[in-house]
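I am opening a notebook on a structure that I have not looked at before. My plan is to look up a few places in turn and to write down what I find at each.

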Amino acid sequence: MAYENNTMKTVLVLNTEFSAPVLINAAVHAALGLMGARNPDDWHLLDYPSPAFQAGSKVSEYPVVVLRSKRSAPLERLVLQLKAINVAHNVFIDSMLGNSASEQIQATLDAAPGQNRIACVALFGDEASIRPL
């Protein structure tokens, strides 16, 4: 089945060097930060009511694609490419794991490739711009 509206996409690229709980944490934080950096209306959130489950959800009309990387280096290159073409993105680095926000912020200020690894890159953009990446 091919989804019909692929004009825009959210893509999460996960580094499989990390455990599932760390990746879920990283993906959620990266996606929330990405949404906070843009207008939430960009995702065209639709209401999905489910009376039988007594739930109402909001889900983007656009697809969310989850990809994997086996190492941090390709993710580091991806971030540079996204920055170069001005595609909205957010990154979760392993330095963002710690006992407090202030500790995490300082560790992230001091983070460097080779010492730290990217766990997740979240991006949102038009399909034509992000597909080549």
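**Entry 1: the model and its cores**

I note at the outset that this is a predicted model. I began with the largest nonpolar core, which has 16 residues, and I looked up which of them touch the most other members: they are Leu34, Phe92 and Cys120. When I asked where the core comes from, I found that strand 1 (8-15), helix 1 (20-37), strand 5 (88-93) and strand 6 (118-126) each supply at least two of its residues. The largest share, five residues, is the contribution of helix 1.

Setting aside residues up to four places away in sequence, I find Leu34 touching Trp43, Ala88, His89, Asn90, Ala122, Leu123 and Phe124.

**Entry 2: helix 1**

Helix 1 has 18 residues, and from its first C-alpha to its last I read a reach of 25 Å, which is close to the 26 Å expected at 1.5 Å a residue. Which of its residues are buried? I list Leu23, Ala26, Ala27, Ala30 and Leu34. These cover an arc of only 100 degrees around the axis, and that puts them on the same side of helix 1. On the other side I find Pro21, Ile24, Leu32 and Gly36, which are exposed. The buried residues of helix 1 pack against strand 1, strand 5 and strand 6.

**Entry 3: Val91**

Next I turned to Val91, which is found in strand 5. Is Val91 buried or exposed? Its relative accessible area is 18%, and since buried means under 20%, Val91 is buried. Leaving aside neighbours within four places in sequence, Val91 is in contact with Val79, Met96, Ile118, Cys120 and Val121. I also checked Val91 against His29: the two are 62 residues apart along the chain, and their C-alpha atoms are separated by 8.8 Å.

**Entry 4: Ser95**

Ser95 lies in the loop between strand 5 and helix 3 (101-109). I looked up its relative accessibility, which is 5%, so Ser95 counts as buried. The side chain of Ser95 makes a polar contact with the side chain of Thr108, at 2.9 Å. Not counting residues up to four places away in sequence, Ser95 touches Gln104, Ala107, Thr108, Ala111 and Asn116.

**Entry 5: aromatic rings**

How many aromatic pairs does a search of the whole structure find? The search gives two. One of them is the tilted pair of Trp43 and Phe124, for which I wrote down 4.3 Å centre to centre and 35 degrees between the planes. This pair links distant parts of the chain, with Trp43 in the loop between helix 1 and strand 2 (45-50) and Phe124 in strand 6, 81 residues apart. Tyr62 and Phe124 also form a tilted pair, at 6.5 Å centre to centre and with 55 degrees between the planes. Tyr62 lies in the loop between strand 3 (55-60) and strand 4, while Phe124 is in strand 6, so this pair ties together parts that are 62 residues apart in sequence.

Trp43 and Phe124 are both buried, Phe124 with a relative accessible area of 1%, and Tyr62 counts as buried at 15% relative accessibility. I record Trp43, Tyr62 and Phe124 as one aromatic cluster.

How values were computed. Residues are numbered from 1 along each chain as its sequence is written. This is a predicted model: local features need pLDDT of at least 70, side-chain atom pairs count only at pLDDT 80 or more; totals for chains, interfaces and linings use all residues. Side-chain values use heavy atoms; hydrogens and water are left out. A nonpolar core is a set of buried Ala, Val, Leu, Ile, Met, Phe, Trp, Tyr and Cys residues joined through side-chain atoms within 4.5 Å. Buried means under 20% relative accessible area, exposed over 50%, partly exposed in between (1.4 Å probe, protein chains only). Helices (H or I, at least four residues) and strands (E, at least two) are DSSP runs, numbered from the N terminus. Contact means heavy atoms within 4.5 Å. A polar contact is a pair of N or O atoms within 3.5 Å; within protein, one must be able to donate a hydrogen and the other to accept it, and residues adjacent in sequence count only if both atoms are side-chain atoms. The expected span of a helix is 1.5 Å times one less than its number of residues. The arc is that of the directions from the helix axis to the C-beta atoms. Rings of Phe, Tyr and Trp (its six-membered ring) pair if their centres lie within 6.5 Å; planes under 30 degrees apart count as stacked, over 60 as edge-to-face and the rest as tilted.
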